[in-house]
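Biologist: Before we discuss the backbone and the pockets, could you put the chain on the screen?

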Amino acid sequence: MENEKNRHIAPSALLNKIDSPSDLRKLPLEKLPEVCSDIRAFLINSLSSNPGHFASSMGAVELTVALHYVFNTPYDRIVWDVGHQAYGHKLLTGRRDKFDTNRKFGGLSGFPNPEESEYDTFTAGHASNSISAALGMAVASQLQHDSPKRNVVAVIGDASISGGLAFEGLNNATITKNNLLIILNDNDMSIDRNVGALNSYLAHLTTTKAYNAFRFKVYRLLKKMHLVSEKQKDFILRFNNSLKSLIGKQQNIFEGLNIRYFGPIDGHDVERLVRVLNDIKDMEGPRLLHIRTKKGKGYTPAEKDPASWHAPGKFDPSTGERATEPTEGVPAKYQDVFGETLLELARVDDRVVGITAAMPSGTSMSIMQAEMPGRVFDVGISEGHAVTFAGGLAKDGMRPFCAIYSSFMQRAYDHVIHDVAILKLPVTLCLDRAGIVGEDGVTHHGVFDLSYLRAIPNIIISSPRDEVSLRNLMFTSLKGNHGPFAIRYPRGKGHNPMWKQPMKELTIGKGEKLADGDDVAVLTIGPMASKAAAAINRAAEEGISVSHYDMIFLKPIDTEILKEVAEKNCQIITVEDGIKDGGLGSAVTEWLNDNGYDRKVTRIGVPDKFVPHGKVPELMKLCGMDEDAIYEAIVNARKSSRS
């Protein structure tokens, strides 16, 4: 019976007739539920074979349809936060026939992308930016006296609104003249279960339909009778909020900020959503509509386990059975090596605590959390707070391991400098998903960390070439009092199934020679060592003698290795899975120049451009970073040195 309930029914012909929102707006209101059913059926069919972000988009279908039905997009702006929920938006905005290319190299982006469509108003890969961006658009429209009036809508989730940037946007919206509409899509989830006081507050927030309807009707009546003007509106709103707080014995946080609040309402009742949006869209001043939705709506397995179905991979649409990969004898994911090693360290050192920003399962900190919940802190989508919180813990004797995706750590850059590095606090920054990450694309590639961290004094920067090296670096960061210690490691599996070996302390700033040679010297950092080793073996078959050094540390860099390489009469190649400007290649070139060595350095890394989405091997080839590119660089270096 359960399987029958989930059995996929092919979409009707209705969705196939919608090539733009203008087509949607031609339909009668009562047809919109059918459109929603069609979108869900399409997503189930498509995402079962071409994986993507599933549960979020399934939960936002009615909201997406209602927004495009009520507002004159693309003239009116819809600004999505993060963009996990925007697949339905893509289907309605002329990309239905291309959706099978979603997240594929050269195909549709998995996130809203203004370069892809005029309906995608802003980049949406990191959380909490929608309110600020939409507020800017709303103010720009007023300053430019757009006619007809341009509506601007920010769509933000209950997890994203807890981020600091969202509160900065809310605060500014109350003091800047604007007509911004904020949709709070409350599904009580981010990727993992939401945490924090704001989430608890939203779960218990009650403002009745009758109250909102009565208030709006009275306001329209008074305005029609010329008994109230827009100038008097703010005074009345403040008085109303105070009276309501007194009677209800609770303060609505949004109305406390003088933002008109409507809801919560059922976010899966598309006809009611349309009516409410039509009622409030022409109001002046900032307002917020709070809707309640269910992540994974319309597909029972996803509704029951929305965290696992955030991005479930391939699955059988009729049964919900997800595709599995063999695990026996297969190397572990780097994140799991991190998670299990952290638990080992925590068992023997009471000072060890873990911090994650809404990603306990994504970073595998959930492994320690399951055994030691009191020593793992999920701070929500608040990367800056996570780092400063870690600094506070370290200042008073704890040894925090702060695990954040590399691209998300960019959001905490000032906190790393101001709240950790200046005081040289022993915080271990664990940068997951470092380097090219694949299908998530431009907003998620962790390619900037080596460069942006190298400029900071007092910090140690390292990258393991394999799983054993990762364990050793984590162990080393805990020993002594080295100050801030960054360890960056990639997404996905390693290479060594026998990685669980006894840990040993490494010498800070000391690399390792992996191969000796005289014709060319190759310096690598991180897992790129394996690609370089393969290229070096190919070169050896051609009679080219190549020395290979795993630098391990970018800062402090191993100057003994650099001196050894500099004094060889050969060219130097550096290889890194990061932006090459400011990274390992730059550090080596700077040292050679500062110490009077005239050596040719070929830098292999991410070029000075944003990298699109696609499979990692495709992107490595695109950036000239794959095994073939390294091999060609070795051959060319040998030729140059002999000419």
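Modeller: Here is the model, which is predicted. We can begin with Ser-128, which is found in the loop between helix 6 (87-95) and helix 7 (130-143).

Biologist: What is the phi of Ser-128, and is Ser-128 buried or exposed?

Modeller: Most residues other than glycine have a negative phi. Ser-128 is not a glycine, yet its phi is positive, at about 85°. Because buried means under 20% relative accessible area, and Ser-128 has a relative accessible area of 1%, Ser-128 is buried.

Biologist: Is His-145 buried or exposed?

Modeller: His-145 lies in the loop between helix 7 and strand 2 (152-157), and it too is a residue other than glycine with a positive phi, of about 55°. Since the exposed class begins over 50%, the 67% relative accessibility of His-145 makes this residue exposed.

Biologist: Which residues are closest to the centre of the second largest pocket?

Modeller: The second largest pocket holds about 600 Å³ of space. Its lining consists of 26 residues, which divide into 9 nonpolar, 13 polar and 4 charged. Those closest to the centre of the second largest pocket are Asn-113, Thr-123, Val-442, Thr-443 and Phe-610.

Technical notes:
Residues are numbered from 1 along each chain as its sequence is written. This is a predicted model: local features need pLDDT of at least 70, side-chain atom pairs count only at pLDDT 80 or more; totals for chains, interfaces and linings use all residues. Side-chain values use heavy atoms; hydrogens and water are left out. On a 1 Å grid over the protein atoms alone, a cavity is a set of points where a 1.4 Å probe fits but cannot get out, and a pocket is an open set with protein on both sides within 12 Å along at least five of seven lines; lining residues have an atom within 4 Å of a point. Grid points are joined across faces, edges and corners, and a volume is the space filled by probe spheres set on the points. Ala, Val, Leu, Ile, Met, Phe, Trp, Tyr, Cys and Pro count as nonpolar, Asp, Glu, Lys and Arg as charged, and the others, Gly among them, as polar. Helices (H or I, at least four residues) and strands (E, at least two) are DSSP runs, numbered from the N terminus. Buried means under 20% relative accessible area, exposed over 50%, partly exposed in between (1.4 Å probe, protein chains only).
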